[in-house]
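Reader: I am new to reading protein models. Can you take me through one, feature by feature?

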Amino acid sequence: MKTSLLAGLALGLLLAGSAQAQVKIGLAAPLTGNSAAFGAQFRNGATQAVEDINAAGGVKGKKIELSIGDDASDPKQGVSVANKFASDGVTMVVGDFNSGVSIPASEAYADAGILQITPGSTAVKFTERGLWNVFRTCGRDDQQGAIAGDYLARAFAGKKVAFVHDKTPYGKGLVDETLKAFKAKGGKETLIEGINPGEKDYSALVSKLKQNGVDVVYFGGYYTEAGLIIRQMRDQKLEAPLMGGDGMVDKELVAIAGPAAEGTLVTFTPDRTRSAEAKDIVARFKAKGINPEAYTLYAYAAVQILKAAVEATGSTEAEALAAYLHQGKPTPTVIGEIAYDKKGDITRPDYVMYVWKKNANGVVDYVGNEITP
C-alpha cells in the first residue's frame, strides 16, 4: 500500500510538472462563416508564432500550447468559445476578429479572468468600456475613419458620396467615424444606406445609387458583401469606385468581384511584410506556401506580446499581464514596436490608403499600391 501511495504521488507530481511545463494560449477566430479568410490569417499567424517561440526554447523554458476555437463570426459562438477556454484553464487569448464578436466575448473573458488581444477588431467601443483585459495589435475605426473621411473630402470634393454599411458594430461604426471626419472637412453625404450581410442580390441598392448619380460609394463591411456590390455595380454600368476599410483587405475580394475590383480604395496598415523585423518570418511563411497577408503578422505579433508579458512578469495570470502591458513599455514585434495606453489601444497611428490595381503579373492586388491619403 505504501508502494502504491508513493507511486501515486510520483504520478501526480509528473502530471503536475507536465501541466506546468506549458503556457496555454487560446486563439479565437472565424474559421468558418463569412470572415473565414481572416480566420485563416489569424490561425496562420498565431500557429507560426507558437512554432517559432517553442523552437527557440519557449517562454521561460516552457512550451506554448495553442488551443483554437472557431467563433464562426457569431457573437453567441464567440462567447461559447470564451467559456470553453475558461473551463480549460486558458488565461490569455488572441482574438476575436469581428468587432461584433470581440465585444461580447471580451465581457466573458473579463468575468473569467482572461486577457484578450485582438489582431483585427477595430471598433472604437471595444476599448472604450473600461474593461481591464482588452488589447489590440491593430488600430481603431476612428483612426482609419479620419484618413478615409479626409481623403473623400479632398479627392471627391463637390462629388456625390454615398455611405453604405452592413449594420454590424464594425461596419456601421466605421461609416459613422468616416462620415464624421468627412463632414468636419466640409463634405455632405448624398445618401446613407444599410444592407443585410449574407445576401447575394444587392441590385436594389445599386439601382438606388445609380438613380442618385453617386460618384463614389464608401462601404463599411467585409470583403464578401463588398465584392458582390462592386460586381453588381459594374453589371448595372455604375462605374463609381467603392471605398472601404480593413474588412475588405483580402484577396477573396478579387475572387468575388473579378476584374471589377480594380480601382477599389481601402484604408489599411502599412505593409509590414517588407520591414526588417518581418524579413525572416515572412520567408518562413513563404517556404510553407503561405502568403502572410493582411492580419497574419498582426496575429503573430499578439503571441509575441503575450510571450514578452509573461517573461517580464514571471506570471501567466491575466491581471498581472494586463497591468504590465498598461504601463506602456514598448515590445519589439514582427510589425514593429507595440506599446499600449491605459485603454489597451496601441499608441502609434497605423493606417494608410491603398488602391487595388493590376501588378506586374496582371493580378489585381493592393500590396505595394499605397497612395498619399
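**Reading helices and burial**

Author: Start with D280, which sits in helix α10, residues 279-287. Keep in mind that this is a predicted model.

Reader: Is D280 buried or exposed?

Author: Exposed means over 50% relative accessible area. D280 has 54%, so D280 is exposed.

Reader: How far is D280 from V334 in sequence and in space?

Author: They are 54 residues apart in sequence. In space, their C-alpha atoms are 9.6 Å apart.

Reader: Where is S275?

Author: S275 lies in the loop between β10 (265-268) and α10.

Reader: And is S275 buried or exposed?

Author: Buried means under 20% relative accessible area. S275 has 18%, so S275 is buried. A polar atom of the S275 side chain lies 2.9 Å from the backbone oxygen of R272.

Reader: How are two packed helices described?

Author: By the angle between their axes and the distance between the axes. Take α5 (residues 141-155) and α6 (residues 169-184): their axes come within 7 Å and cross at roughly 50 degrees. That angle makes α5 oblique to α6. The crossing is right-handed.

Reader: Which residues of α5 and α6 meet?

Author: On the α5 side, they include G145, A148 and L152. On the α6 side, Y170, L174 and F182 are among them.

Reader: What does the UniProt annotation cover?

Author: The unreviewed UniProt entry gives "domain: Leucine-binding protein" for residues 22-357. Over that stretch, the chain is 42% helix and 15% strand. The end C-alpha atoms are 46 Å apart.

Technical notes. Residues numbered from 1 in each chain as written. Predicted model: local features only at pLDDT ≥ 70, side-chain atom pairs only at ≥ 80, totals over all residues. Heavy atoms only, no water. Helix = DSSP H or I, 4+ residues; strand = E, 2+ residues; numbered from the N terminus. Buried < 20%, exposed > 50% of the residue type's maximum accessible area, 1.4 Å probe, protein only. Polar contact = N/O pair within 3.5 Å; in protein donor to acceptor, adjacent residues only side chain to side chain. UniProt positions renumbered as here; feature names shortened; annotations may be inferred. Axes fitted to C-alpha atoms, helices over the stretch in contact; angles between N-to-C directions. Parallel < 35°, antiparallel > 145°, perpendicular 65-115°, else oblique. Left-handed = near helix turned anticlockwise from the far one by under 90°. Contact = heavy atoms within 4.5 Å.
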